[in-house]
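Let's take a walk through a protein model together. Have a look at the fold, and then we will go through some of its parts one by one.

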Amino acid sequence: MHSAQWEHNHAIEVSATIDQTQIERARRIFGQRLVRDDHEESPTGHKVTIRFLRLEDVRALLPFGSAITVHGPTEARAHLRDLATNLAHHYAPSPTS
């Protein structure tokens, strides 16, 4: 089972699709931690697996914005959603009182 393997490695493996325009940047940033799952060129994006030591480290994907789509695991998607929600609230227009 994969989850036991992740725990053993103290790592989380994130499955994602990265836009064609951002794949080189992602490769520079993540290096060996990024593995291409598809080897054919796709016009839309590349399926990849990115390994992180801790769930918290998935925040490194935030600068890619919508150029990256995380497919799983669920807790990685949830964590990114929480981070993005907090950021949106941080920059929300303050209510005029």
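Helices (H or I, at least four residues) and strands (E, at least two) are DSSP runs, numbered from the N terminus. The expected span of a helix is 1.5 Å times one less than its number of residues. What you see is a predicted model, in which local features need pLDDT of at least 70 and side-chain atom pairs count only at pLDDT 80 or more, while totals for chains, interfaces and linings use all residues. Residues are numbered from 1 along each chain as its sequence is written, and side-chain values use heavy atoms, leaving out hydrogens and water.

Start with helix H3, residues 74–90. Its 17 residues reach 24 Å from the first C-alpha to the last, close to the 24 Å expected at 1.5 Å a residue. Which residues of H3 are buried? They are Ala76, His79, Leu80 and Leu83, where buried means under 20% relative accessible area, exposed over 50% and partly exposed in between, with a 1.4 Å probe and protein chains only. Seen down the axis of H3, these buried residues fall within an arc of 95°, so they line one face of the helix; the arc is that of the directions from the helix axis to the C-beta atoms. An α-helix has 3.6 residues a turn, so residues three or four places apart point the same way. The buried residues of H3 pack against strand E1 (12–19) and strand E4 (68–72), with contact meaning heavy atoms within 4.5 Å. Turned away from that buried side are the exposed residues Thr74, Arg81, Ala88 and His89.

Now for the aromatic rings. The whole structure holds two aromatic pairs; rings of Phe, Tyr and Trp (its six-membered ring) pair if their centres lie within 6.5 Å, and planes under 30 degrees apart count as stacked, over 60 as edge-to-face and the rest as tilted. The centres of phenylalanine 30 and phenylalanine 52 are 5.8 Å apart and their planes are at 85°, so this pair is edge-to-face. Both of these residues are buried. Ring pairs link Phe30, Phe52 and Phe64 into a cluster.

Histidine 46 is buried, with a relative accessible area of 1%.
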